[in-house]
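Subject: Structure handover

Hello,

Here is the structure you will be taking over. Please open it first, then read my notes below.

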Amino acid sequence: MTQDDFTPGRPVVLAPDLVRVTAPNPSPMTFHGTNTYILGTNSLAVIDPGPDSTSHFTALLSAIGNRPVSHIIVTHSHLDHSPLARPLARATGAPVLAFGDALAGRSAVMTELAQNGLLGGGEGVDHAFSPDRRITDGIHIPGEGWQLTAIHTPGHLGNHLCLDAQGRVFTGDHIMGWASSLVSPPDGDVTDFMASCTRMLEIGGTYYPGHGAPIPDGPTRVQWLIDHRQSRERAILAALAGGHATLAAITLAAYPDIAPALHAAAQRNTFAHLIDLITRNLAIAAPDLGINAHFSPA
């Protein structure tokens, strides 16, 4: 068994006090599947219990064994990360901790746009999720032999958290090594995402993402993501300058080599960038901002 083993349900020891169990939900958006992390040796924290899967739930209980679970922590409430939190809480007696429900942390811009019905979106959100305890930015979560510090990192989702265990950072879907993070309005916000990335540049160590392998030098990957997003923005501005006006046309121009299975996700990322450009007075939407608008340079 190696750290690159993502066999669903198989406990993979990443460190004496850290085990990864991958859920059986591989896809173009989830890579090998969702990573659930079990932190601790005697008393445990479970980070991102994962999707609604009986086999994954059984695998987690097996990996936990007879050890007590003191905390269940959810980085964000997407359907591949949070649904098993409540069943696991019932089975272990541990409280569920998160920044908040699916709408918590949503930016004012996205809140207003969603209320005006201009966005669509809402893919894969666990709207039924609600934590037992809300954890805010900077709060310390102490356990037996470990401590986590919560870092609010909105962007992929408004309630997204990263968790710093003194140099081991659980990054959910904000920072991943195999792909850039999806940002889909109104749940995702590029402006927030870039600000969160800038903040994460200060958080060194090995990153443990919600999908894929550990990232040995986290800040280097964060800088790559910043550069990647800035490059994508330039491509979108070039598409606008070239007369591409619809979301579909702008996406095809900005993502010329995108795989067909990722077209829909690419359009959501493009839309997120367009909203950011409009808020910065670099683009215009007519007649109103929405997925069917016509876009042009400001």
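S196 lies in helix α4, which spans 190-200. Helices and strands here are DSSP runs (helices are H or I with at least four residues, strands are E with at least two), numbered from the N terminus. S196 counts as buried because its relative accessibility is 5%. The classes are buried at under 20% relative accessible area, exposed at over 50%, and partly exposed in between (1.4 Å probe, protein chains only). Leaving out residues up to four places away in sequence, S196 touches H152, T153, P154 and H174. Contact means heavy atoms within 4.5 Å.

A word on the source. This is a predicted model, in which local features need pLDDT of at least 70 and side-chain atom pairs count only at pLDDT 80 or more, while totals for chains, interfaces and linings use all residues. Residues are numbered from 1 along each chain as its sequence is written, and side-chain values use heavy atoms, with hydrogens and water left out.

Next, the backbone. P185 and P186 are joined by a cis peptide bond, with omega about 0°. P186 sits in the loop between β11 (168-172) and α4. The bond from A286 to P287 is also cis. Its omega is near -5°. P287 belongs to the loop between β13 (283-286) and β14 (294-297).

Two residues other than glycine have positive phi. For Q166, phi is near 55°. Q166 is in the loop between β10 (161-164) and β11. With 68% relative accessibility, Q166 counts as exposed. For N281, phi is near 60°. N281 is in the loop between α7 (263-279) and β13. N281 counts as exposed too, at 62% relative accessibility.

Now the interior. In soluble globular proteins, nonpolar side chains tend to be buried together. A nonpolar core here is a set of buried Ala, Val, Leu, Ile, Met, Phe, Trp, Tyr and Cys residues joined through side-chain atoms within 4.5 Å. The largest core has 22 residues, and L18, I141, L148, L163 and F170 touch the most other members. Two or more residues of this core come from each of β1 (12-15), β3 (35-39), β4 (44-47), β9 (146-152) and β10. A second, separate core has 21 residues, including I38, L44, V69 and V96. What does I141 touch, not counting residues up to four places away in sequence? The list is H71, I73, L97, I135, W146, Q147, L148 and L163.

The search used a 1 Å grid over the protein atoms alone: a cavity is a set of points where a 1.4 Å probe fits but cannot get out, a pocket is an open set with protein on both sides within 12 Å along at least five of seven lines, and lining residues have an atom within 4 Å of a point. Points are joined across faces, edges and corners, and a volume is the space filled by probe spheres set on them.

The largest pocket has a volume of about 650 Å³. Its lining has 30 residues, with P28, M29, S180, L182 and A265 nearest the centre. Both α5 (218-241) and α7 supply at least two lining residues.

The whole structure holds two cavities of 30 Å³ or more.

Best wishes
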